[in-house]
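Have a look at the picture before reading on.

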Amino acid sequence: MTQPTLGVLTLYLNDNGLLEERGIYRMMTIEGKKLGLDVVVFTPQDVNYNQNRIHAHVYQPGRGSWRRRWMAMPDAIFDRCRIQRSHRYDELLKFRSRYAKLNFLNRPLRNKWTIHNVLAKDDRFRPYLPRTRFFNSVQDVHEMLRRHALLYLKPVNGTGGRGILRIQKLSGGAVHIQGRDASRRIIQPCKVSQTGLGSYLSRWNMQSTKYIVQQGIQLKLMNGRVHDYRLLVQKGADGRWEMTGCAGRIGAPGSITANLHGGGRAAKMEYLLRHWINDEQSIARLKQEVSLLGTNIAAYLEQCYDALCELAIDLAIDRSGHIWLIEVNPKPAREVFRHAGEEEAYRDAIKRPLQYALWKIRHAGQHRSRLQESAEGIAHDRVPSGTSSPE
């Protein structure tokens, strides 16, 4: 009997066929074989729509190499595609539409602004949300500055710290601006008068790119670097949400974000909390609250947006021990746990989507069997008296 197959759906990073996260897919393939699951990788450009087949990338552990193989559509699909501004992303939208009824582990989430508004509808999450508004004009920034001395301006579809600005109000009415450009490069910090703020922000094309303005949280450590926490929640072998791990991130010098891709480094959650709060009872409470918050958010967003199997939730914790939700990421990397020395969480982060895929394939098969049995029962009930049912 052949093993079930999980197809990891991703996008080429360029037109030369460069694949992101090959190392992760290699480990997923090896772990999958231990579980009785074949793992293959493909992109929308590898699909033959006429034959409903894919030209998959298949890792061969025995040879330590990759090969290509034509095969039928997999039993389940793990969508790892991140937003791109390219024709490759247009192909992805075509694939999702054409094969919407396939067995996906996860469906796309919406942008930062929409997710914020969805979470704000639930009383459980509202206390964790920084005050946020959509950027329509510089007037939105001025109004937020009247309430908060620190703001972050973020693209609604941005990732990895790209295009984010930090605006801090100074005494005398001026503001200090730091940030990263669309290529993630740290920009030259500058001081701007509030009357000159509109002229400065006009260079960022915020209305067409679409930005939010968000209350900032003071997160600078003694060394001046910002920090936050990356929480990963996933479904596993029983189909239930659970916390896989939570690791700290410390930003690079001069960076306004703590992203590893932006030069940040990882640290154990407890290590950071001891330096930041240094109260064992508070730390124990925070760890429990973080876990409960993460699994509740995941379950709620799944109710709102259909199938999900994992979420990364970026959190800030202020000096008083209050938790703030920075961002929800449906396509998380896993490297933060390896860099933080959390090897068990790193292994679980790779393994749990595979365990969940097997659970979902099994339940999809049971569902099909029940439908078939129901259809056969209906057909049998409809056979007229005195006749035999077809074999």
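**Asking about the words**

Me: Why is V290 called buried?
Reply: Buried is the word for a relative accessible area under 20%. V290 has 1%, so V290 counts as buried. Keep in mind that this is a predicted model. As for its place, V290 lies in helix α8.

Me: What is V290 in contact with, leaving aside its neighbours within four places in sequence?
Reply: The partners are L231, C246, M269, L315 and I323. Contact here means heavy atoms within 4.5 Å. I77, by comparison, sits 213 residues from V290 along the chain, and the two C-alpha atoms are separated by 29 Å.

Me: Why is G172 called exposed?
Reply: Exposed is used over 50%. G172 has a relative accessible area of 84%, so G172 is exposed. You can find G172 in the loop between β9 and β10. The C-alpha atoms of G172 and S65 are separated by 62 Å, and the two residues are 107 apart along the chain.

Me: What makes α3 roughly perpendicular to α8?
Reply: Helix α3, residues 112-120, packs with α8 at an angle of about 105°, their axes being 11 Å apart. Angles of 65 to 115 degrees count as roughly perpendicular. The angle falls in that range, so α3 is roughly perpendicular to α8.

Me: Which residues make that contact, and of what class are they?
Reply: From α3 come T114, I115, V118 and L119, while α8 brings I297, Y300, L301, C304 and Y305. By class, the contact has eight nonpolar residues, one polar residue and no charged ones.

Me: How do you know that β14 and β15 are paired?
Reply: Two strands pair if there are at least two bridges between them. β14, residues 241-250, is joined to β15 by four bridges, and the two run antiparallel. With four set against at least two, the strands count as paired.

Me: What is the strand order of the open sheet, and why do β15 and β17 stand at the edges?
Reply: Five strands are lined up as β15-β14-β13-β16-β17, with antiparallel pairing. β15 (265-268) and β17 (323-329) each have a single partner strand, so one side of each lacks a neighbour in the sheet. From one strand to the next, the twist averages 35°.

Me: Which helices pack on the sheet?
Reply: Helix α7, residues 269-276, touches β13, β14, β15 and β16, and its direction makes about 85° with that of β15. Helix α8, residues 280-305, touches β13, β14, β16 and β17, and its direction makes about 120° with that of β14.

Me: How do you know that β4 pairs with β3 and also with β5?
Reply: The requirement is at least two bridges. β3 (residues 47-48) and β4 have two, running antiparallel, and β4 and β5 (residues 65-72) have eight, also in the antiparallel sense. Both pairs meet the cut-off. Among the bridge partners are N48 with R53 and I54 with M71.

Me: What makes β4 mostly covered?
Reply: Strand β4 spans residues 53-60, and six of its eight residues are buried. Its hairpin with β3 has four residues between the strands, and N52 in that turn has a positive phi of about 55°. The hairpin of β4 and β5 also has four residues between the strands, with G64 in the turn at a positive phi of about 70°.

Technical notes
Residues numbered from 1 in each chain as written. Predicted model: local features only at pLDDT ≥ 70, side-chain atom pairs only at ≥ 80, totals over all residues. Heavy atoms only, no water. Axes fitted to C-alpha atoms, helices over the stretch in contact; angles between N-to-C directions. Buried < 20%, exposed > 50% of the residue type's maximum accessible area, 1.4 Å probe, protein only. Parallel < 35°, antiparallel > 145°, perpendicular 65-115°, else oblique. Nonpolar A, V, L, I, M, F, W, Y, C, P; charged D, E, K, R; others polar.
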